[in-house]
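Dear colleague,

Please find the structure below, handed over for your own work. My findings come after it.

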Amino acid sequence: MEFQIEKMKHEDWEQVSKIYDEGIKTGNATFETDVPSWESWISKHLLCCNIVARRGNKILGWAAVSPTSSRNIYSGVTEVSIYVGKECKRTGVGLALLKELIELSENNGIWTLQAGIFPENKASINLHKKCGFKIVGIREKIGKMDDIWRDVVLMERRSNKVGIT
């Protein structure tokens, strides 16, 4: 499957938000229950690392990072979000997005990428492992969805290029 990885633009939000909504509806991608507005979403993510996989005018998937803290000491620590459209699963789109996100993050001074993934989302856990993420723990019963306590697998990737001295 041919596609390009590009910076996310405001005009991509309609397709990006549809892919996000697909993830929300699975019940195994996020604790979010509704897709936020573009303004709300973009205010919580770092512009340098918002990317999409595009084939022609169609967005196949997207990835982004958000700061884990507003404190300066944690400026190089971010949380990863990655979503692939349901018709593009297992096509290499997720792998390409995550690899590009890692490179972009390192080029922008980010030394640690974190991901919180539901244990049931084995495809996402495996994708992150392929890209050098390690499981650092399980956050047990960290949040409730539909009145059921959910665990989250905490994964982390430490750069070997940034933040090493």
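This is a predicted model: local features need pLDDT of at least 70, side-chain atom pairs count only at pLDDT 80 or more; totals for chains, interfaces and linings use all residues.

Residues are numbered from 1 along each chain as its sequence is written, and side-chain values use heavy atoms, with hydrogens and water left out.

The structure contains zero disulfides (a disulfide being a pair of cysteine sulfur atoms within 2.5 Å). The cysteine sulfur closest to that of Cys-48 belongs to Cys-49 and lies 3.3 Å away, too far for a bond. Cys-48 is partly exposed, at 22% relative accessibility, whereas Cys-49 is buried at 0% (buried means under 20% relative accessible area, exposed over 50%, partly exposed in between, with a 1.4 Å probe and protein chains only).

Helices (H or I, at least four residues) and strands (E, at least two) are DSSP runs, numbered from the N terminus. Helix α3 comprises residues 93-107. Its buried residues include Val-93, Leu-97, Leu-101 and Leu-104. Just after α3, Gly-109 adopts a positive phi of about 80°.

Strands pair if DSSP finds at least two bridges between them. Strand β7 (residues 148-158) runs antiparallel to β5 (residues 112-117), joined by six bridges, with Ala-115 opposite Met-155. Eight bridges link β7 to β6 (residues 134-145), also in the antiparallel sense, and Ile-138 has Val-153 as its bridge partner. Two residues separate β6 and β7 in a hairpin, where Asp-146 in the turn has a positive phi of about 50°.

Yours sincerely

Notes
The expected span of a helix is 1.5 Å times one less than its number of residues.
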